[in-house]
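Keep the viewer open as you read.

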Amino acid sequence: MKCDVLTIFPEIFTSYLNESIIKRARAKGLLDVAVHNIRDFSSDAHRTVDDSPFGGGAGMVFKPEPIFRAIDFLKEDGGPRKVVLLSPQGRPFDQSIAEDYSKEEKRFVFICGRYEGIDERVKTLVDEEISIGDYVLTGGELAALVVIDAVTRLIPGALGDERSVEDESFSWGLLDYPHYTRPREFRGLHVPRVLVSGDHREIERWRRKQALRKTMEVRPDLIARMKLSGEDMKILSEIEASSGEDP
Ligand code: 9D3
């Protein structure tokens, strides 16, 4: 993925984009991200980017001119761009959008809002408006990082272990099963016997069952829109039958 980020707080991005998997993806040339300060595109000595709302009311609104100028600058090379505005009014971001973005050939421009909002005329530049969920953030910066993070790990070669993405497509739509590592007993807490049995078919079935149980418990909406196999149906009826028993 290639992208530019427009923000008035470029330093928010510095540490996250320079650690771990994202850092390595950048070093490998799989992720190209450039962060730009919208204030650099203002036209006055005070580097003003906001103003009070027409019609009155509290707070400030992003002025259109600096954002238009920034986008004009980014579009100078003439290459195709996909302009994404991070905003609470956007389409909810999910794994399928992350997959689409990871295959997109166009260079992205992520616009991070702040203040009460952004002058509506900026939307004439925007191809897609994206939200990361139903809660109120102070700005779009964390949302842009969430999108970049979720997309980057889907780019082939970005994760050390390519099997991780494969496993996901198998269990897509379910929450994860419980994980354990050494020691086998810790402060009286034991690792489930099946995991040390060496019976890999039984281990697979146990994991699937735990994943189905957990998902049923906290995200029944995910189960409702999943395509369940005959085996999944059988496991679910076992879970149903044993509900109320000791774990
Ligand atoms: C308190 C002001 N709100 C009045 C209803 C509007 C508002 C404006 C700007 C609320 C939040 C923000 C800043 N948030 C984002 O820019 C944002 C966001 C979010 O708040 N939640 C989920 N996804 C996103 S993407 C960008």
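Two strands count as paired if DSSP finds at least two bridges between them. Helices (H or I, at least four residues) and strands (E, at least two) are DSSP runs, numbered from the N terminus. A word on the source: this is a predicted model, where local features need pLDDT of at least 70, side-chain atom pairs count only at pLDDT 80 or more, and totals for chains, interfaces and linings use all residues. Residues are numbered from 1 along each chain as its sequence is written, and side-chain values use heavy atoms, with hydrogens and water left out.

Now to the sheet. Its 5 strands are parallel and form an open arrangement in the order β2-β1-β6-β5-β8. At the edges you will find β2 (32-37) and β8 (128-131), each pairing on one side only. On average, neighbouring strands are turned by 30° against each other, direction ignored. These angles use axes that are lines fitted to C-alpha atoms, for helices over the stretch in contact; they run from 0 to 180 degrees between N-to-C directions.

Look next at strand β1 (residues 2-7), which is joined to the parallel strand β6 (residues 107-112) by 4 bridges. Here, Cys3 has Phe108 of β6 as its bridge partner. Helix α5 (residues 141-152) packs on the sheet, touching β1, β2, β5 (81-92), β6 and β8, and its direction makes about 155° with that of β6.

Strand β5 also holds Arg81. Why does Arg81 count as buried? Its relative accessibility is 12%, and buried means under 20% relative accessible area, with exposed over 50% and partly exposed in between (1.4 Å probe, protein chains only). The Arg81 side chain reaches the backbone oxygen of Leu74 at 2.5 Å and makes a polar contact with the side chain of Asp77 at 3.3 Å. A polar contact is a pair of N or O atoms within 3.5 Å; within protein, one must be able to donate a hydrogen and the other to accept it, and residues adjacent in sequence count only if both atoms are side-chain atoms. Leaving aside neighbours within four places in sequence, Arg81 is in contact (heavy atoms within 4.5 Å) with residues including Asp4, Lys106 and Asp127.

Finally, visit the ligand. Nitrogen atoms of the ligand lie 2.8 Å from a polar backbone atom of Tyr135 and 3.0 Å from one of Ile132. A polar side-chain atom of Ser131 is 3.5 Å from a ligand nitrogen.
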